[in-house]
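Here's a friendly walk through one protein chain, for anyone meeting it for the first time. Have a look at it below before reading on.

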Amino acid sequence: MRAACREKEVNGRRYRCFFELTLQLIGGKWKPVVLYHLAQDGVLRFGELRRGLPGITERMLTRCLRELEADGLVRREVYREVPPRVEYALTDLGASLIPVLRDMRDWGARYEERTAGRAFAGEGYEPRPQPPEGGPGA
């Protein structure tokens, strides 16, 4: 086992290794899902995000979005109109996480198929990830 690393701090986050820092930024049940939805749909309003994430409370979504914005992964734009309109989108830094999130999605699809003995497919289910062109399975 490797020797313990010294503690570091960036933007008020204390961590010993890069993996720990990454988990602090995108860890939890909802942050990766919020990031993934923003990657899929581009710009979304709060209500659109809320409807796309059954099970998340308004309070939790607000908290996730605030933390992701504070960490520079999500951009929040407020339009001065009546009623007020607020839109969320990935920053360049947030978009740089998308390959990692897609790899996690693909791993989940393989896990589902292996453990369930089949893939859940059809209307109402997320489409199966397609192998990249020229990659394994292509």
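Predicted model: local features only at pLDDT ≥ 70, side-chain atom pairs only at ≥ 80, totals over all residues.

Let's start inside. The largest nonpolar core has 22 residues, and V34, L35, L38, L49 and V74 are those with the most contacts inside it. Who supplies this core? At least two residues come from each of α2 (31–41), α4 (58–70), β5 (85–90) and α6 (98–116). Zoom in on L38: setting aside neighbours within four places in sequence, L38 touches L44, L49, V74, Y88, A89 and L90. As a general picture, nonpolar side chains in soluble globular proteins tend to be buried together.

On to the cysteines. How many disulfides does a search of the whole structure find? The answer is zero. C17 is partly exposed, at 32% relative accessibility, while C64 is buried, at 5%.

Now for the charged pairs. The structure holds nine salt bridges, including these:

| Salt bridge | N to O distance |
|---|---|
| R14 and E7 | 2.5 Å |
| R63 and E67 | 3.1 Å |
| E87 and R85 | 2.9 Å |

E87 counts as buried because its relative accessibility is 16%, under the 20% cut-off. Salt bridges with shared partners also link E7, E9 and R14 into one network.

R63 and E67 sit four residues apart in helix α4, so about one helical turn separates them. R63 is partly exposed at 49% relative accessibility, and E67 is partly exposed at 27%.

Terms used: Residues numbered from 1 in each chain as written. Heavy atoms only, no water. Core = buried A, V, L, I, M, F, W, Y, C linked by side-chain atoms within 4.5 Å. Buried < 20%, exposed > 50% of the residue type's maximum accessible area, 1.4 Å probe, protein only. Contact = heavy atoms within 4.5 Å. Disulfide = S-S within 2.5 Å. Salt bridge = Lys/Arg side-chain N within 4 Å of Asp/Glu carboxyl O.
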